[in-house]
Amino acid sequence: MTGTWRHLPATARAIAVTATAAVAAAQARDGQAYDEVVGKLAADERSGLVLGAVVRLLLEESHPDGLTGDDIRQVLTRCVQGAARWRSDVDPHVVLVLLAGALGVYDPEGDESPPDASALARHAPLLVADLLATTGVPLDDYLAAAFSEIERTERQD
């Protein structure tokens with residue numbers, strides 16, 4: 001998987017730049033930088049679509065034979081425990097919602113306390129950073145693939 005998102009329109013590039021900064025802050029466990037940049041992610045609701053696609057692509061690549069319930073539990077546990085070492089506000093429910101949403105099995109109507117866009121934006125880079133650690137592929141490649149998929153879907157609709 002190789003590609004670039006730098007040719008995209010300014011709004012898409014802004015999401016990619018912000019997502020890249022948020023994931024880098026998560027990887028560095030830099031709480032101050034993380035707090036600053038995730039606020040920008042939450043400000044653009046389309047960032048959730050992009051990061052959701054990135055999460056799905058990362059899950060597919062790290063589990064090429066498909067995901068089991070145990071796989072999801074392992075990803076959830078690893079991500080939450082790793083993030084809790086430097087983020088006291090990590091919420092396992094929000095990470096689970098991100099995983100379920102990326103897999104297309106989340107129903108907000110059936111959730112008694114669905115997380116808001118801000119909570120999702122605060123947690124998505126944590127999940128992406130965790131999943132990137134297992135693939136060894138640069139985030140840029142996943143962002144490019146996510147934008148390509150979103151563009152293809154929008155053209156078909």
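Mentor: A salt bridge is a side-chain nitrogen of Lys or Arg within 4 Å of a carboxyl oxygen of Asp or Glu. This is a predicted model, in which local features need pLDDT of at least 70, side-chain atom pairs count only at pLDDT 80 or more, and totals for chains, interfaces and linings use all residues. Residues are numbered from 1 along each chain as its sequence is written, and side-chain values use heavy atoms, without hydrogens and water.

Trainee: How far apart are the closest N and O atoms of Arg-87 and Asp-35?

Mentor: Arg-87 lies in the loop between H4 and H5 and Asp-35 in helix H2, so their pairing ties together parts 52 residues apart in sequence. Helices here are DSSP runs (H or I, at least four residues), numbered from the N terminus. The closest N and O atoms of the salt bridge are apart by 2.8 Å.

Trainee: Is Arg-87 buried or exposed?

Mentor: Buried means under 20% relative accessible area, exposed over 50%, and partly exposed in between (1.4 Å probe, protein chains only). Asp-35, at 43%, is partly exposed. Arg-87 has a relative accessible area of 7%, and is therefore buried.

Technical notes. Helix = DSSP H or I, 4+ residues; strand = E, 2+ residues; numbered from the N terminus.
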